[in-house]
Amino acid sequence: MIDSFQFSPLPEILFGKGKRKELPAAARAIGTHVLLLTGSSSIHNSGHGDEIILGLEKARLQVSREVIAHEPSPGVVDRIAERFRGADVQVVVAVGGGSVMDAGKAVSAMIPVEGGITEYLEGMGGKEHPGTKIPFIAMPTTSGTGSEMTKNAVISEVGEEGFKRSLRHDKFIPELAIIDPEMMLSCPARLTATAGMDAFTQLLESYVSTRSNPMTDALALQGLKQIKRFLLRAFLEGEQNLDARSGMALAAMFSGIALAHAGLGLVHGFASPLGGFYDIPHGVVCGSLMAPVFSHTIDNLIDQPEHPALQKLIIVSKVFADFKYKKELEYLQAFKEKLIHISNLLEIPRLSEYGFKEEFIPKIVEHSSHKFHPVKLSVDQMSEVLRSRI
Ligand SMILES: [Fe+2]
């Protein structure tokens with residue numbers, strides 16, 4: 001029998017080539033004053049930035065603009081929210097990567113309430129957000145976090161006392177997600193690789209998560225098939241291969257829905273302290289740690305052939321296999337090697353390139369969590385995961 005499960009509402013989704021052109025009418029249907037958040041550069045270099053602003057203005061919308069240059073910190077969100085309190089903003093639109101999505105989601109939630117965002121962050125502030133917000137439209141330009149599908153915004157403070165925490169509420173699911181693969185053609189190769197590895201990690205972690213259900217399984221497996229077909233192509237031919245961009249956009253979207261319902265695993269459990277204490281981009285952490293974490297995960301599950309997570313890892317191993325093998329063990333071994341191969345082909349940087357050192361390992365292991373990972377790794381294994389990427 002299928003175990004009971006629950007599935008939350010999703011944003012309205014407009015997916016496909018050219019769908020960005022529907023933004024002005026969609027925003028106009030909500031209000032007349034738009035707060036537009038964009039990333040720092042690539043959107044403007046691609047020409048899409050001007051096209052979007054012109055489109056909004058043509059629809060007789062008042063457009064206020066803010067640029068988000070990094071993963072959003074409490075300071076950045078508070079400054080923008082403060083500036084627009086009382087400005088009668090009626091719709092917040094975020095056009096950019098995961099950081100811009102998260103910033104937009106957080107700003108739309110913080111404009112209507114008093115105080116700073118830290119007071120409302122999960123596990124930190126102790127204040128409960130009432131869920132009131134300004135309607136929010138998300139339009140991603142990278143295929144990675146899937147934040148356009150989720151009810152949380154990840155907020156980062158980097159430093160000795162750093163953290164990565166979520167502002168979360170059922171009401172924070174965007175009203176509308178416009179996912180147009182043409183918006184991703186100009187995403188640089190390096191960002192395509194790291195964002196793609198974030199989506200890949202989210203799909204695999206939610207697929208084998210202890211909280212997975214038949215709906216997240218269906219989405220995660222379909223997303224993993226898109227990753228197998230399109231991740232390397234998007235990296236190598238990203239400027240002209242719209243099929244690859246489209247497949248990766250779908251994979252990222254599915255990863256967002258899957259993680260929001262099934263939760264994540266140890267790679268993301270490492271990502272919180274690594275991104276909080278040291279300034280390492282989220283996609284780099286995922287791309288770097290995916291192979292070693294899942295290598296140990298397979299090793300720890302291998303003597304439990306009936307374990308549902310091992311059964312799922314065999315299914316994924318077969319999706320990613322380039323050859324036919326006789327034994328399931330051979331598929332699993334090939335998958336472990338494939339993960340290393342993909343990280344190498346995508347030129348995922350080592351953590352040491354961001355200043356990470358051997359002596360930081362105990363602190364990260366201590367602050368990491370397994371989340372919904374299907375099996376525990378020992379402290380030695382966790383240390384080895386980090387050491388292998390220095
Ligand atoms: Fe992620």
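**The sheet and its surroundings**

Modeller: Helices (H or I, at least four residues) and strands (E, at least two) are DSSP runs, numbered from the N terminus. Axes are lines fitted to C-alpha atoms, for helices over the stretch in contact, and angles run from 0 to 180 degrees between N-to-C directions. Two residues are in contact if their C-beta atoms, placed from the backbone, lie within 7 Å. The model is a predicted one, in which local features need pLDDT of at least 70 and side-chain atom pairs count only at pLDDT 80 or more, while totals for chains, interfaces and linings use all residues. Residue numbers start from 1 along each chain as its sequence is written.

Two strands pair if DSSP finds at least two bridges between them. Strands of a sheet pair through backbone hydrogen bonds, either parallel or antiparallel.

Five of the six residues of S2 are buried, so that the strand is mostly covered; a residue is buried if 20 or more other C-beta atoms lie within 10 Å of its own, exposed if 12 or fewer, and partly exposed in between, with C-beta atoms placed from the backbone. Towards strand S3 (residues 62-67), S2 pairs in the parallel sense over six bridges, and there Leu-37 has Glu-66 as its bridge partner. Towards strand S4 (residues 91-96), S2 pairs in the parallel sense over five bridges. Val-34 stands opposite Val-91 of S4, and Thr-38 has Val-95 as its bridge partner in S4.

The hairpin of S6 and S7 has five residues between the strands, and Gly-159 takes a positive phi near 145 degrees in it.

Among the loops, the one between helix H5 (98-110) and strand S5 (136-140) holds Lys-133. This lysine counts as buried because Lys-133 has 21 C-beta neighbours inside 10 Å. Apart from neighbours within four places in sequence, Lys-133 is in contact with Ser-108, Ala-109, Pro-112, Lys-171 and Phe-172. The C-alpha atoms of Lys-133 and Lys-105, 28 residues apart along the chain, are separated by 9.0 Å.

Two packed helices are described by the angle between their axes and the distance between the axes. Helix H6 (residues 189-208) packs with helix H10 (residues 282-301) at an angle of about 50 degrees, with axes 7 Å apart. H6 is therefore oblique to H10; angles under 35 degrees count as roughly parallel, over 145 as roughly antiparallel, 65 to 115 as roughly perpendicular and the rest as oblique. Their crossing is left-handed, a crossing being left-handed if the near helix is turned anticlockwise from the far one by less than a right angle, and right-handed if clockwise. The residues of the contact of H6 with H10 comprise nine nonpolar, five polar and one charged. Ala, Val, Leu, Ile, Met, Phe, Trp, Tyr, Cys and Pro count as nonpolar, Asp, Glu, Lys and Arg as charged, and the others, Gly among them, as polar.

H6 also packs with H11, at an angle of about 140 degrees and with axes 9 Å apart, so H6 is oblique to H11. Here Leu-204, Tyr-207 and Val-208 of H6 meet Ala-309, Lys-312, Leu-313 and Val-316 of H11. By class, this contact of H6 with H11 has six nonpolar, no polar and one charged residues.

Helix H7 (residues 214-237) packs with helix H11 (residues 308-320) at an angle of about 30 degrees, their axes being 10 Å apart. H7 is therefore roughly parallel to H11, and passes H11 in a right-handed crossing. Leu-224, Lys-225 and Lys-228 of H7 make the contact with Val-316, Val-319 and Phe-320 of H11.
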